[in-house]
Protein chains: 2
Amino acid sequence: MDFLEELKKISGNNVFTSKEDMIPYLNDASYFEGVLPLAVVVPVDTQEVSRIMKLCYDNNMPVTVRGGGSSLTGSSILSEKGIVLSLAGFDRIEEISTGDNLAVVQPGVRLDALNQALARSGYFYPPDPASSMAATVGGSISTNAGGLRASLYGTTKNWILGLDVVLADGNIVKFGGRTLKRSSGYDLTALMVGSEGTLGVITRAYLKIWPLPEEKGRVSAYFSEIEKVGQSISEIKKIGIMPMIAEFLDRITMDSLESTTSLKFPKDAKYLLIMDVTSTAQSIDIMLESVYRKISELNPISISKTRDPKVMDEMYAARKGAYSSLLKQRETSTQKVVIGDVVVPASKLPEALKSIEKKGYDHGLKVALFGHIGDGNIHCNIYADVAKQEIMKEVDAFQMEIGEIAVNLGGSVSAEHGIGIEKKELLSREFRMRNSEYTIEMMKQIKKIIDPKGILNRGKILE
Amino acid sequence: MDFLEELKKISGNNVFTSKEDMIPYLNDASYFEGVLPLAVVVPVDTQEVSRIMKLCYDNNMPVTVRGGGSSLTGSSILSEKGIVLSLAGFDRIEEISTGDNLAVVQPGVRLDALNQALARSGYFYPPDPASSMAATVGGSISTNAGGLRASLYGTTKNWILGLDVVLADGNIVKFGGRTLKRSSGYDLTALMVGSEGTLGVITRAYLKIWPLPEEKGRVSAYFSEIEKVGQSISEIKKIGIMPMIAEFLDRITMDSLESTTSLKFPKDAKYLLIMDVTSTAQSIDIMLESVYRKISELNPISISKTRDPKVMDEMYAARKGAYSSLLKQRETSTQKVVIGDVVVPASKLPEALKSIEKKGYDHGLKVALFGHIGDGNIHCNIYADVAKQEIMKEVDAFQMEIGEIAVNLGGSVSAEHGIGIEKKELLSREFRMRNSEYTIEMMKQIKKIIDPKGILNRGKILE
């Protein structure tokens, strides 16, 4: 029997092979285009995933797992012919237990849907990438997603207690579990986080959840110098305040938001800094005042504070939509927005921001800068006409250089978007620059023993 | 040239081979006795560690890394002839940067020394195992130490940003680094955390640090039923309060503390619950009152609250000294205190505590119970005469049964002490019970590729 017949024996009507059905899987949120899959299969339980994987393993069939398809580095598209294993059918929140700080969920659950459910109990799941409406639990685990609130709460890795996983050969394994701590052998849960679907198929996740903060407040400040935006974070941290979010936007981003939302920004402002703090009802105003005063010392063009949830939510939503908003400003059909994603220690932000901005000018590129600077994360959104080779050469050079800037300042070439197809060379360069190339070799060896035939998300991260 | 001569060529006077010098390394804080080392070497820099490891690798020489020697599962003693690589010379705090939430430290730094240094800037490193006076950064990373404050702050794994590591063959590698986030390939930093010295020698750690809480307050309550102690945690979490510490002690532990400290406990109290909360100056009393009221609903024998730092510190120190205090109550020279360390989801604590207490009676053992129940962690301190085979049989059976109780309730056989020599069979049983034996097989394969000759901490965790 041929492979597709065998696959249909397992998954019946949940196997899709017509071109029309498969076209959506040619792309993810990155600017890459993948290979058309041989088939898309949408299993509904772990046993079925196991049988599919065994079949693929026996047939050396490449498998790319699909969550929300919101990868920005090409993680969820196909590098070569193979099947897409979509986890769209794994969309149940199985259990919420606030008394245990625990949610047990299937990987296809969307982050916003999870947080809507948790909010009813006064709890939340902190990781909040800008794509949270589309991004799934499984996908966000696979890239160790950060997002806006990681400044205070850390990235996804801090919130994963355990995983049920189907390995390349169909073996079903459990890592970690329902408890808040354990010290029982190597932390294979952590190894899965950020592995971009190259080590196994997550079929269940045990998430740590946390009480919603009691009150929130925001300081917004406009600056004309990018270094001062960068300075703000370490100054605030030095006085012992950990903002829940600390975001910045440059003028290009503000302009694009003005054209896609009802927000208005002062004409003379070049950079906007937003800092949210959380506290109790009794303390929020005092804390907000401390932040206001500290940021005022940096001489912003203007500064304001608010606790109005409507005002805060509107800007939060706009910030989450900044990338989409930039996409709408493209001038030609072949123009894309390539998104760089680097991270540095907070104290190096002034230098990093200034150097990166300058590099953009040097390469003659239109680059919109924003980022989760609370944890040192800078996003560089590069308008790039993929049809023009000479422009793409500049884009590639710029990406390489900002990666080097980050590494030279003690940072990394990828903060939260992963490596995917896009950053394989950058990843090598990072460890070469750090004189630790063997780190990559170790990753390769681990990949080899866990997925010996290399069928899982072929062509990503390491190869 | 023979091995010892070569070793002396590398480390000169820092190689110790006399029996008197090596006797301290026969034991750690567990009840196990190890093999006398061939030599103890105390290198002072990473290059020296690399040369030592290369020599050992070439000679198939087992190496056990030594930190503070406070392991409770035999992790730091020798299962067979080999050398001890002591990191006592790696005792420098290299850098503290509050603006970056970062401390860069050598692995031999004691946790208390680190926190004394950080306190001067209003910051701290949250992991706080009871042995923090002796325990080192390296050792606590190696067991993914939890401790008293893990209830709020999570275990060590949440606080490690990066590691410099010397591998078995002498290769020097870097994992992670100075930034708060990254998504750059497999998380080898996380793989090292909890690996008990079996995968590499940590020579530098990049730690995340955090502002000290503004104010603290404590509710103490005495109970006559152990289930109610267990109930307290999930009840408090359900109302959205995350205590910084939540500890309990049973009567045996209270009695032992009465004889070793100036503390006095009510005569009729069987169990003591201590819950510390943190907040701002404006909110601490309100939060403390919420905890007080919620715990009062469980009808304790008596309940009190305090914000007096002296009173709080005295009890905190006593709790940290509870194990030592129990050790002083031993009746014969061959009697030891074997310490069980299991974890369950908070909502299962009532059932777990009751079952475990009953098992102790059933086996005719004197068992003192205490634990970090804020994160579901129960410690069972078993008075065990290692010279009496029939008693040790009961101890082993008890340990196995409490492990099974924990796993059946969704927990684990080891919360924070690791596996070491003691829990290898329990670790297997956990994954057998969970129908995931292949998880252990994966750990073995990872060990094999990273330390192919198996020279690092031989006989621990998996073999």
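Q: How many residue pairs are in polar contact between chain B and chain A?
A: In this predicted model, the count between chain B and chain A is 43 residue pairs in polar contact, both residues of a pair being at pLDDT 80 or more.

Q: Which elements of chain B give two or more residues to that side?
A: Those elements of chain B are α6 (150-153), β9 (172-176), α7 (188-192), β11 (210-211), α8 (226-238), α15 (424-433) and α16 (438-450), and α16(B) gives the most, with nine residues.

Q: And what is the make-up of that side by class?
A: The side of chain B that touches chain A has 34 nonpolar, 41 polar and 15 charged residues.

Q: How many salt bridges are there between the two chains?
A: There are eight salt bridges between chain B and chain A; one of the salt bridges joins the side chains of A:D375 and B:K181, at 3.3 Å from N to O.

Q: What about area, how much do the chains bury between them?
A: About 7,100 Å² is buried between chain B and chain A, with 58% of it on carbon and sulfur atoms, and B:K181, B:S183 and B:Y186 supply 13% of the area that chain B buries against chain A, more than any other three residues.

Q: Changing topic, how do α1 and α3 of chain B pack?
A: Helix α1 (residues 3-11) and helix α3 (residues 46-58) of chain B pack at an angle of about 170°, with their axes 10 Å apart, and α1(B) and α3(B) are therefore roughly antiparallel to each other.

Q: Which residues make the contact?
A: From α1(B) they are B:F3, B:E6, B:L7, B:K9, B:I10 and B:S11, and from α3(B) they are B:E48, B:R51, B:I52, B:L55 and B:C56; by class, this contact has six nonpolar, one polar and four charged residues.

How values were computed: Residues are numbered from 1 along each chain as its sequence is written. Chains are lettered from A and ligands numbered from 1 in the order in which they are written. This is a predicted model: local features need pLDDT of at least 70, side-chain atom pairs count only at pLDDT 80 or more; totals for chains, interfaces and linings use all residues. Side-chain values use heavy atoms; hydrogens and water are left out. Buried area is the accessible area (1.4 Å probe) that two parts lose on being put together, summed over both. A salt bridge is a side-chain nitrogen of Lys or Arg within 4 Å of a carboxyl oxygen of Asp or Glu. A polar contact is a pair of N or O atoms within 3.5 Å; within protein, one must be able to donate a hydrogen and the other to accept it, and residues adjacent in sequence count only if both atoms are side-chain atoms. Helices (H or I, at least four residues) and strands (E, at least two) are DSSP runs, numbered from the N terminus. Ala, Val, Leu, Ile, Met, Phe, Trp, Tyr, Cys and Pro count as nonpolar, Asp, Glu, Lys and Arg as charged, and the others, Gly among them, as polar. Axes are lines fitted to C-alpha atoms, for helices over the stretch in contact, and angles run from 0 to 180 degrees between N-to-C directions. Angles under 35 degrees count as roughly parallel, over 145 as roughly antiparallel, 65 to 115 as roughly perpendicular and the rest as oblique. Contact means heavy atoms within 4.5 Å.
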